Amino acid sequence: MARIALLLTAFALACGAAQAQTYPNGQVKLIVPTSPGGVTDTMARIVAQRLNETLNLTVIVDNRPGGNSTIGAQAVARSPADGLTLLVTSDATITANPHLSKLPYSAKDFTPIMVLCRGTPVLVVNAAVPANSTSELIALSKAQPGKLNYGSYGVGTYAHLSMEDFKQRTGTDIVHIPYRGAAPAAQALLAGDVNMLLLNLSSIEAHEKTGKVKILAAAGDRRAAARPDLPTIAEAGVPGFSTSVWFALLGPANMPPELTARIYTDVSKVLDLPQTREFFQKNSFERVDLTPAQFGKLIEDDSRHWEALINSVGARLE
């Protein structure tokens with residue numbers, strides 16, 4: 001638990017005493033739709049801790065895992081748009097999951113506030129795979145259709161959907177093996193149980209140095225700042241391919257624009273602190289400076305991308 005006032009009292013000060021008196025009293029909840037300890041949870045706690053400079057209000061990080069992030073997201077979508085209940089989540093919760101199954105919410109049920117950070121996904125193969133580049137991996141896959149496999153963090157995750165996109169663009173037949181999370185999928189890659197995986201750079205780079213894996217390419221739309229030597233998958237011969245994973249702060253739909261802007265301004269200061277930047281660098285995350293309006297456009301674009309891809313590959317969650 002951490003206590004913060006800057007997140008909400010700054011808005012009250014900016015809008016005047018009359019509005020401040022009508023602002024609801026009570027705890028501020030940063031709802032995280034995953035279990036404690038993951039990246040999403042860590043980002044929520046960083047925001048809370050760094051804003052713990054004024055103690056007029058209390059904020060709690062409220063973990064509500066379950067239902068592929070549905071439980072926590074729905075709780076925020078159904079909350080009053082007063083800024084007391086906010087959602088810290090990854091992009092899939094808002095942009096992909098609503099297209100994978102019938103959910104009680106959609107992207108329109110949230111107010112975009114800001115992207116907290118973006119991950120650095122890379123294409124990795126086990127060291128035993130006789131391919132040292134994306135083009136060699138494609139050639140190997142075509143020479144042995146159905147023989148190679150890839151791991152994912154489960155059906156509907158970017159590690160699954162984007163590899164299906166990779167297969168469609170390259171005309172390859174690679175078997176999907178889903179796992180319950182990134183950690184077991186990474187362990188399967190290291191053990192040689194799966195041949196390849198899309199994974200955040202910081203989660204696997206140390207194993208590249210020990211020779212257990214080979215990182216072939218950056219999977220985003222541009223080269224990773226932490227590894228500019230890696231070509232993107234698109235540069236390596238798969239035009240149009242890119243994937244991303246980002247973590248963000250959202251509120252319920254119809255939050256007042258002034259409140260959204262105030263929270264955006266305050267949390268932006270947190271993300272620019274040396275301690276936060278050090279965390280980003282250590283974990284291969286990148287700061288993303290998008291206004292609430294620009295963030296809303298990102299949600300729309302990514303939602304269309306995932307919807308088209310999900311329909312194309314026929315992915316569904318029961």
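This is a predicted model: local features need pLDDT of at least 70, side-chain atom pairs count only at pLDDT 80 or more; totals for chains, interfaces and linings use all residues.
Me: How do the strands of a sheet pair, and what is the strand order here?

Reply: Strands of a sheet pair through backbone hydrogen bonds, either parallel or antiparallel. In this model, an open sheet of 5 strands runs in the order 2-1-3-10-4, and its pairing is mixed.

Me: Which are the edge strands?

Reply: Look for strands that pair on one side only: here they are strand 2 (59–63) and strand 4 (110–118). Neighbouring strands of the sheet are turned by 25 degrees against each other on average, direction ignored.

Me: In which sense do strand 1 and strand 2 pair, parallel or antiparallel?

Reply: Strand 1 (residues 28–32) pairs with strand 2 in the parallel sense, over 5 bridges. You can find Ile 31 opposite Asp 62 of strand 2.

Me: Which strands does helix 11 touch? And helix 13?

Reply: Helix 11 (residues 257–271) packs on the sheet against strand 3 (85–90), strand 4 and strand 10 (246–252), with its direction at about 10 degrees to that of strand 4. Helix 13 (residues 292–313) also packs on the sheet, touching strand 4 and strand 10, and its direction makes about 85 degrees with that of strand 4.

Me: How are two packed helices described?

Reply: By the angle between their axes and the distance between the axes. Take helix 3 (residues 39–50) and helix 11: their axes come within 10 Å and cross at roughly 100 degrees. Helix 3 is therefore roughly perpendicular to helix 11.

Me: Which residues make that contact?

Reply: Helix 3 contributes Met 43, Ile 46, Val 47 and Arg 50, while helix 11 brings Val 267, Val 270 and Leu 271. By type, 6 are nonpolar, none polar and 1 charged.

Note on methods. Residues are numbered from 1 along each chain as its sequence is written. Side-chain values use heavy atoms; hydrogens and water are left out. Two strands pair if DSSP finds at least two bridges between them. Helices (H or I, at least four residues) and strands (E, at least two) are DSSP runs, numbered from the N terminus. Axes are lines fitted to C-alpha atoms, for helices over the stretch in contact, and angles run from 0 to 180 degrees between N-to-C directions. Contact means heavy atoms within 4.5 Å. Angles under 35 degrees count as roughly parallel, over 145 as roughly antiparallel, 65 to 115 as roughly perpendicular and the rest as oblique. Ala, Val, Leu, Ile, Met, Phe, Trp, Tyr, Cys and Pro count as nonpolar, Asp, Glu, Lys and Arg as charged, and the others, Gly among them, as polar.
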